[in-house]
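Take a look at the chain below. The paragraphs after it go from the whole fold down to single residues.

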Amino acid sequence: MAETASSKNGPRDRRRAVLCGAMLTWLLAPAAAGAEGLDSGDTAWMLTSTALVLSMTIPGLALFYGGLVRTKNVLSVLMQCFALAAVMTLVWVVWGYSLAFDTGGMEAGVTNAASFVGGLDKALLRGVGIDALTGTVPETVFVTFQLTFAIITPALIVGAFAERMKFSAMLLFMVVWVTVVYAPICHMTWSGDGAFFWDLGILDFAGGTVVHINSGVAALVAALVIGKRRGYPDTLIPPHSLVITVIGASMLWVGWFGFNAGSALAADGAAGMAMLVTQAATAAAAAAWMVVEWIKHGKASVLGVVTGAVGGMVAITPASGSVGPLGAIAIGAAAGVLCFLGATTLKQRLGYDDSLDVFGVHGIGGMAGAILTGVFAAESLGGQGFAGTAAGVTHTMGSQVWAQIVGVLVTTIYCAVLSFVILKAVDAVIGLRVDEEEEDRGLDISLHNEQGYYSEV
């Protein structure tokens with residue numbers, strides 16, 4: 001690990017590591033002192049987890065979203081996800097990782113600029129060499145693992161404005177958004193002693209606030225700023241291939257084990273429990289959505305069950321290091337119902353066009369999971385116990401829930417305001433939306449001069 005982190009932060013206790021995200025405990029451990037050294041088993045698991053999380057975006061999310069849009073726009077969605085994997089890699093290596101994980105100037109219990117965003121001491125991965133360690137794994141592996149999170153978060157937002165946003169505008173928006181929204185929230189949550197959310201004892205094991213609330217809120221703002229698709233809601237706009245969507249959802253389910261269990265940064269019991277509760281919550285949410293839809297509409301849909309499963313994965317993400325199987329099932333079931341209502345009733349009543357229900361699933365699922373983490377972390381409910389604060393006080397259930405709500409509110413407000421400003425700025429510079437003719441022709445032909453499907457002559 002880098003000297004800036006190791007010289008300013010001592011090792012944290014293992015219980016706190018499980019509660020608040022073992023990834024950052026290991027990140028801040030003094031690897032330079034050689035207290036643990038490289039562990040080949042942990043490293044192998046983290047290499048595997050990194051590949052799993054990357055597969056969540058390409059091809060998992062790309063296929064999930066690609067099947068949900070119309071035939072004339074399938075390539076545009078695949079292109080957006082694939083291009084973001086490339087562009088976000090460069091952003092993360094050049095400055096993103098430093099803004100998120102540079103810990104210079106941080107001190108437990110002291111709130112200053114370094115509590116909200118890192119500096120540029122690790123820009124271009126300065127100091128991240130072949131021998132640098134993050135706990136028991138190479139720091140290069142940790143950098144790449146975190147990179148996959150920085151890839152999928154903006155890619156999730158793509159679903160909100162699918163079929164109508166300029167490709168150039170999307171790229172510009174995402175580069176700025178990851179820099180000024182994602183990186184600071186990541187820093188506040190996971191960079192250790194002195195970070196704003198960390199010192200409050202907010203529990204977010206694998207990205208409920210950092211990934212899902214962030215992307216869900218940005219998605220809602222984008223949908224509102226860009227406006228509705230032509231014809232929506234009067235014209236029926238069905239998915240062009242639920243087969244492709246199910247394949248994508250299945251890949252997301254498998255990849256999510258890397259997302260959550262990989263966040264333990266070790267091949268240990270914490271990773272095993274994170275894997276178990278991820279499976280349980282996903283199953284509970286899929287079943288809950290299916291039952292609610294069955295009751296309301298008389299039939300259970302394929303689109304519904306896979307969307308419910310994703311909602312369960314989202315909701316368990318912040319809780320995966322803090323709750324047991326009982327809590328996972330409860331959180332998953334709640335997410336299945338709440339995400340169903342968010343993607344149907346709420347969306348219809350408010351009239352916004354979040355094309356692929358990013359806010360309904362990731363925003364609402366992320367908020368529900370973050371808050372319920374404060375309940376089901378209780379040892380009496382099978383959890384690992386509550387977190388401590390910078391003042392050395394261990395939360396009760398009430399104070400932990402309140403801390404979780406604070407995290408949700410701060411993330412929501414910060415993300416909403418900055419996302420709106422960035423979108424308006426991009427619109428003023430190059431415009432956000434394709435023209436009506438391009439939208440009618442489809443973005444595949446209009447923006448990329450290609451088609452996903454060709455009819456035989």
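What is the mean pLDDT of the protein chain, and what share of its residues reach 70 or more? The mean is 92, and 91% of the residues reach 70 or more. Here pLDDT is the predictor's confidence in each residue, from 0 to 100. This is a predicted model, in which local features need pLDDT of at least 70 and side-chain atom pairs count only at pLDDT 80 or more, while totals for chains, interfaces and linings use all residues. Residues are numbered from 1 along each chain as its sequence is written, and side-chain values use heavy atoms, with hydrogens and water left out.

One stretch needs care. Over residues 1–35, pLDDT stays under 50. The model has 96 contacts for this stretch beyond four places in sequence. A contact means heavy atoms within 4.5 Å.

Now the overall fold. The protein chain has 17 helices and two strands. Its radius of gyration is 21 Å, close to the 23 Å that the globule rule gives for 457 residues, so the chain is as compact as a globular protein of that length. That radius is taken over C-alpha atoms, and the globule rule is 2.2 Å times the number of residues to the power 0.38. Helices (H or I, at least four residues) and strands (E, at least two) are DSSP runs, numbered from the N terminus. Along the principal axes, the C-alpha atoms fill a box of roughly 70 × 45 × 40 Å.

How much of the chain is buried? Buried residues make up 58% of the 457. Buried means under 20% relative accessible area, exposed means over 50%, and partly exposed lies in between (1.4 Å probe, protein chains only). Contacts also reach along the sequence. Among those between residues at least 6 apart, 80% join residues at least 24 apart.

Next, the charged pairs. A salt bridge is a side-chain nitrogen of Lys or Arg within 4 Å of a carboxyl oxygen of Asp or Glu. The count by this rule is nine. One of them pairs R70 with E163, at 3.1 Å from N to O. R70 sits in the loop between α4 (40–68) and α5 (74–101), and E163 in the loop between α6 (139–157) and α7 (167–190), so the pair ties together parts that are 93 residues apart in sequence. E163 is buried, with a relative accessible area of 2%.

E163 has another partner. Its side chain meets that of R229 in a salt bridge, also listed at 3.1 Å, N to O. R229 lies in the loop between α9 (208–226) and α10 (242–261) and E163 in the loop between α6 and α7, so this pair ties together parts that are 66 residues apart in sequence. R229 is buried, and so is E163. Which residues make up the network of salt bridges? R70, E163, R164, R229 and D353 are linked in it.

K122 and E139 form a further salt bridge, with the closest N and O atoms 3.3 Å apart. This pair links distant parts of the chain: K122 in the loop between α5 and β1 (133–134), and E139 in helix α6, 17 residues apart. K122 is buried at 3% relative accessible area. E139 is buried too, at 0%.

Now the backbone. Most residues other than glycine have a negative phi, and most peptide bonds are trans. Where are the cis bonds? A cis peptide bond joins I58 and P59, with omega about 15 degrees. P59 lies in helix α4. The bond from Y232 to P233 is cis as well, with omega near 5 degrees. P233 is in the loop between α9 and α10.

L124 is not a glycine, yet its phi is positive, at about 55 degrees. L124 lies in the loop between α5 and β1 and counts as exposed, at 62% relative accessibility. D357 has a positive phi near 60 degrees. D357 is in the loop between α13 (325–350) and α14 (358–376). At 19% relative accessibility, D357 counts as buried.Last, the surface. The accessible surface of the chain comes to about 16,300 Å², of which 67% belongs to carbon and sulfur atoms. Areas come from the Shrake-Rupley method with a 1.4 Å probe, and for residues only the protein chains shown count as cover. L409, I413, V417, F420 and V421 make a nonpolar patch of about 460 Å². Patches are made of residues with over 30% relative accessible area and no salt bridge; like charges are joined within 9 Å, and nonpolar side chains (Val, Leu, Ile, Met, Phe, Trp, Tyr) within 5 Å. F420 is found in helix α15 (residues 397–429). F420 is partly exposed, with a relative accessible area of 41%.
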